[in-house]
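Please keep the structure open while reading.

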Amino acid sequence: MIFGSVAAMTRWGILATGQIAARFAEDLRLVPGAELVAVGSRTAESAQRFAERHGVPRAYASWSELAADADVEVIYVATPHAAHHEAARTCLTAGKPVLLEKPFTLDLATSTELIDTARAAGVFLMEAMWMRCNPLVLRACELIADGAIGTVTSVRADFGIAGPFPPEHRMRARALGGGALLDLGIYPVSLAHLLLGVPQHVRSWAKLGPEGTDENTGLVFGYDSGAVATLSCGMVGATAVTASITGTTGRIDLPEPFFRPGGFTLHRAGGQPETITAELAGSGYQHEAIEVQRCLAEGLTESPLVPHSVTLEVMALLDEIRAQIGVSYL
């Protein structure tokens, strides 16, 4: 696997101390030129525990203290969904570049506000949609662009986990932006968008839980080209977490988990299946960090792999789906 490189060390801070933040901290060790120098949380105890576990020199008991650290050059925000907007805004207004965990925010309005803030300040901001930075996913896209399977006619993808989760868990709690769609469904939706763009027709159905968040959701996207995407997400049963991309002259099958595959199979019309693989390292978060460092080294304020326009288009889709299934966080 080929990694990018930058000329100088990039000093990172991590805002939040949960499971995803921990995985990112571990994967940052795989990134050339990356150094984790600080962590921030809402409590001193949580920040200190994280710092001790991951060998981080400085621990802060507030987001603003982390953002004010002059030694921190970029901050990865990994709070629960509902806190993304406030946390990222705290960093951006302090002039700090931000890699913001997906989903960007809870809705299009707050996502737009964050991007406007970053643009006005001339500060880098990127959604941490790591699938769009994954080398194998990008390789599949290259093959498709080169005509390996002809014109894409359908995309199928699922992401379901078994649960169960208690009512106060972030997967269910309305106050935390819970539900399958924003946490899991964003992956199938993002894959369809990556391959087919914005659909002209969106149909969705969901079973809602007692908290008013979606437990099991099905989606169909229609495109004026004639292409379709059939997608699902849920937290009531473990699905295959695979994807298939079908074209007029072939198909690409992405195995579990399709958003971070260890390989994929290319079926060309009339030919033998071809397996494309790559060596896996870490949890897969290093690729988005590499992309951030590349952009910062080049003086960019947004990533061409995960541009602001894509973040907003996907968030608009999620808003439309939530309106159809009756999920609101207000």
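Helices (H or I, at least four residues) and strands (E, at least two) are DSSP runs, numbered from the N terminus. In these terms, Ala 16 is found in the loop between E1 and helix H1 (19-27). The model is a predicted one, and what follows should be read with that in mind.

Start with the sheet that contains E1. Six strands form an open sheet in the order E3-E2-E1-E4-E5-E6, with parallel pairing. Its edge strands are E3 (58-60) and E6, each of which pairs on one side only. On average, neighbouring strands here are turned by 25 degrees against each other, direction ignored. At one end of the order, strand E5 (residues 98-101) and E6 pair in the parallel sense over 4 bridges, and Glu 101 stands opposite Ala 128 in E6. Helix H2 (residues 44-54) packs on this sheet, where it touches strand E1 (10-15), strand E2 (34-40) and E3. The direction of H2 makes about 160 degrees with that of E3.

Ala 16, in the loop between E1 and H1, has a phi near 115 degrees, a positive value in a residue other than glycine. Buried means under 20% relative accessible area, so Ala 16 counts as buried at 10%. The other detail is a cis peptide bond between Lys 102 and Pro 103, with omega about -10 degrees. Pro 103 is found in the loop between E5 and H5. Helix H5 (residues 108-121) contains Ser 111, which is buried with a relative accessible area of 0%. Leaving aside neighbours within four places in sequence, Ser 111 is in contact with Phe 104, Thr 105, Leu 312 and Met 315.

Now turn to the other sheet. Eight strands form an open sheet in the order E8-E9-E10-E7-E11-E12-E13-E14, and the pairing is mixed. Strand E8 (201-208) and E14 are the edge strands, each pairing on one side only. Neighbouring strands of this sheet are turned by 10 degrees against each other on average, direction ignored. E13 and E14 run antiparallel and are joined by 4 bridges; the bridge partner of Leu 266 in E14 is Glu 274.

Two helices are placed against these strands. H6 lies across E7, strand E11 (243-247), E12, E13 and E14, and runs at about 15 degrees to E13. H7 packs on the sheet and touches E7, strand E9 (214-222), strand E10 (228-234), E11 and E12. The direction of H7 makes about 165 degrees with that of E10.

An unreviewed UniProt entry annotates residues 138-252 as "domain: GFO/IDH/MocA-like oxidoreductase". Over residues 138-252 the chain is 22% helix and 36% strand, with the end C-alpha atoms 13 Å apart.

Val 241, in the loop between E10 and E11, has a positive phi near 55 degrees and is buried, with a relative accessible area of 6%. A cis peptide bond joins Glu 256 and Pro 257, with omega about -20 degrees, and Pro 257 is found in the loop between E12 and E13.

Which residues of the largest nonpolar core touch the most other members? Of its 110 residues, they are Trp 12, Phe 221 and Phe 258. Helix H7 (residues 180-196) gives the most to this core, with 11 residues. Not counting residues up to four places away in sequence, Phe 221 touches residues including Val 189, Ala 192, Leu 231, Leu 317 and Ile 321.

The aromatic pairs come last, and the count is 8. The rings of Trp 130 and Tyr 285 have centres 4.3 Å apart and planes at 5 degrees, so the pair is stacked. Trp 130 lies in the loop between E6 and H6, and Tyr 285 in the loop between E14 and helix H8 (286-297), so the pair ties together parts that are 155 residues apart in sequence. Trp 130 is buried at 7% relative accessible area, and Tyr 285 counts as buried at 5%.

Phe 159 and Phe 259 form a tilted pair, 5.0 Å centre to centre with 35 degrees between the planes. Phe 159 lies in strand E7 (residues 152-160) and Phe 259 in the loop between E12 and E13, so this pair ties together parts 100 residues apart in sequence. Both Phe 159 and Phe 259 are buried. Ring pairs link Trp 130, Phe 159, Tyr 187, Phe 258, Phe 259 and Tyr 285 into a cluster.

Key. Residues are numbered from 1 along each chain as its sequence is written. This is a predicted model: local features need pLDDT of at least 70, side-chain atom pairs count only at pLDDT 80 or more; totals for chains, interfaces and linings use all residues. Side-chain values use heavy atoms; hydrogens and water are left out. UniProt positions are given in the numbering used here, feature names are shortened, and annotations may be inferred rather than shown by experiment. Rings of Phe, Tyr and Trp (its six-membered ring) pair if their centres lie within 6.5 Å; planes under 30 degrees apart count as stacked, over 60 as edge-to-face and the rest as tilted. Buried means under 20% relative accessible area, exposed over 50%, partly exposed in between (1.4 Å probe, protein chains only). A nonpolar core is a set of buried Ala, Val, Leu, Ile, Met, Phe, Trp, Tyr and Cys residues joined through side-chain atoms within 4.5 Å. Contact means heavy atoms within 4.5 Å. Two strands pair if DSSP finds at least two bridges between them. Axes are lines fitted to C-alpha atoms, for helices over the stretch in contact, and angles run from 0 to 180 degrees between N-to-C directions.
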